[in-house]
Each structure stands twice: as structure tokens, then as C-alpha cells.
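Here's a friendly walk through a protein model for anyone meeting it for the first time. Take a look at the picture, then read on.

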Amino acid sequence: MINLKKTLMIIMLPVFFLLAHSTSLAVEVSQKQLLSLMEQADKPLLLDVRSAEEYAQGHIPGAINIPHTEINSRLNELLAYQHQQIVLYCRSGRRVDIATTALLKQGFSQLDHLTGDFNGWQSSDLPQVKRSVK
């Protein structure tokens, strides 16, 4: 007779391994998917978690900027989106994981990560907004 606990352990071990070794805490969204989402009436919140200076130098149209270091102190600006889709990006991905961890702890449930982040967006020559710095 097969031991039920041992069978469950054998079945669940690969799942736990994959979860523990995931490279991102959020679901990946491609540039093409994001462009499509941005055309819908029910657009996701696009959240740029880079510094204010980086944001001013160039960002994706429609993105709001809350640096990853300010997520917890500016949480009130995001509460309306707690159960809605949020697509996060930074320069290369590290800061998205930090911001995603903070948002998950606060009960945010639909967090996505732009594949390639802003570097990938720029490399693909996709639309961006630049502010002149005075």
C-alpha cells in the first residue's frame, strides 16, 4: 500500500521547487501584450518604479512614477488598484521584484512585469515620453 504522505510529497516537490526558484514574482507581459492592453477601455495601471530622474529622461506613455523605494510611503496612491491589473517596469527588472514584494504584502493581487523592462522597450523603438529637465 502506498503511503499517502509520501505520494503527495513526490507530487508537490517539483511545484515547490519551481515556486522557490522563480525569477519574478509577477506574471510576465510582453511588449506586444502591453501595447494591446493600453488600447483597451479597461487599461491596467502602468507603474514605473525607477527614480524620478530616470522617469523624466524617458518613460512609457501613460505610466505613473513611484520609485521602488517609495512604494510603502505612497501606498495610498495605489489602493484604488489593489484588485486591478498593474504592470510594473524598471530599467532591467531588479527593482520590479522589490516593488512587487512590497505590493504583495499589502494585498495587491494582479501584478504583472513588463518583459525586458524599459531597456527592452527602448531597444524595440516603442513610444516613449521624455520631459525636458530644467
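Leaving aside its neighbours within four places in sequence, which residues is Thr100 in contact with? The list is Leu25, Ala26, Leu88 and Leu111. Thr100 itself sits in helix 4. Is Thr100 buried or exposed? Its relative accessibility is 0%, so Thr100 counts as buried. Keep in mind as you go that what you're looking at is a predicted model.

**The overall picture**

Let's step back for a moment. The protein has five helices and five strands. Going along the sequence, they come in the pattern α-β-α-β-α-β-β-α-β-α. Of the 134 residues, 37% are buried. As for how the chain meets itself, take the contacts with a separation of 6 or more: 69% of them come from residues 24 or more positions apart.

How are the five strands arranged? They form an open sheet in the order 1-5-4-2-3, with parallel pairing. At the edges you'll find strand 1 (27-29) and strand 3 (64-65), each of which pairs on one side only.

| Strands | Sense | Bridges |
|---|---|---|
| Strand 2 and strand 4 | parallel | four bridges |
| Strand 2 and strand 3 | parallel | two bridges |
| Strand 4 and strand 5 | parallel | three bridges |

Leu46 stands opposite Val87 in strand 4, and Val87 in turn has Asp112 in strand 5 as its bridge partner. The bridge partner of Leu47 is Ile64, over in strand 3.

Now look at which way the side chains go. On strand 2 (residues 45-48), Leu45 and Leu47 point one way, Leu46 and Asp48 point the other way, and all are buried. Strand 4 (residues 86-89) is covered on both faces: Ile86 and Leu88 are on one side, Val87 and Tyr89 are on the other, and all are buried. From strand 4, the chain goes through helix 4 to reach strand 5, and this β-α-β crossover is right-handed. Another right-handed β-α-β unit is made by strand 2, helix 3 and strand 3.

**Helices against the sheet**

Which strands does helix 2 lie across? Helix 2 (residues 31-39) lies across strand 1, strand 2, strand 4 and strand 5 (111-114), running at about 80° to strand 1. Helix 4 (residues 94-105) packs on the sheet as well, where it touches strand 2, strand 4 and strand 5. The direction of helix 4 makes about 145° with that of strand 4.

Next stop is Val49, in the loop between strand 2 and helix 3. How much relative accessible area does Val49 have? The value is 0%, so Val49 is buried. What surrounds it? Setting aside neighbours within four places in sequence, Val49 is in contact with Ile66, Pro67, His68, Ile71, Leu88, Tyr89, Cys90, Arg95, Val96 and Ala99. One of these, Tyr89, is 40 residues away along the chain, yet its C-alpha atom is separated from that of Val49 by 6.3 Å.

**Glu54 and its partners**

Last up is Glu54, which lies in helix 3 (residues 52-57). Which residues does Glu54 touch, not counting residues up to four places away in sequence? They are Arg91 and Arg95. With Arg95 there is a polar contact between the two side chains, at 2.7 Å. Arg95 also turned up above, among the contacts of Val49.

The Glu54 side chain has a backbone atom to look at, too: the backbone nitrogen of Ser51 lies 2.9 Å from one of its polar atoms. Finally, how far apart in space are Glu54 and Lys130, C-alpha to C-alpha? They're 9.8 Å apart, although 76 residues separate them in sequence.

Technical notes
Residues numbered from 1 in each chain as written. Predicted model: local features only at pLDDT ≥ 70, side-chain atom pairs only at ≥ 80, totals over all residues. Heavy atoms only, no water. Buried < 20%, exposed > 50% of the residue type's maximum accessible area, 1.4 Å probe, protein only. Contact = heavy atoms within 4.5 Å. Polar contact = N/O pair within 3.5 Å; in protein donor to acceptor, adjacent residues only side chain to side chain. Pairing = 2+ DSSP bridges. Axes fitted to C-alpha atoms, helices over the stretch in contact; angles between N-to-C directions. Right-handed = clockwise from strand over helix to strand, strands pointing away.
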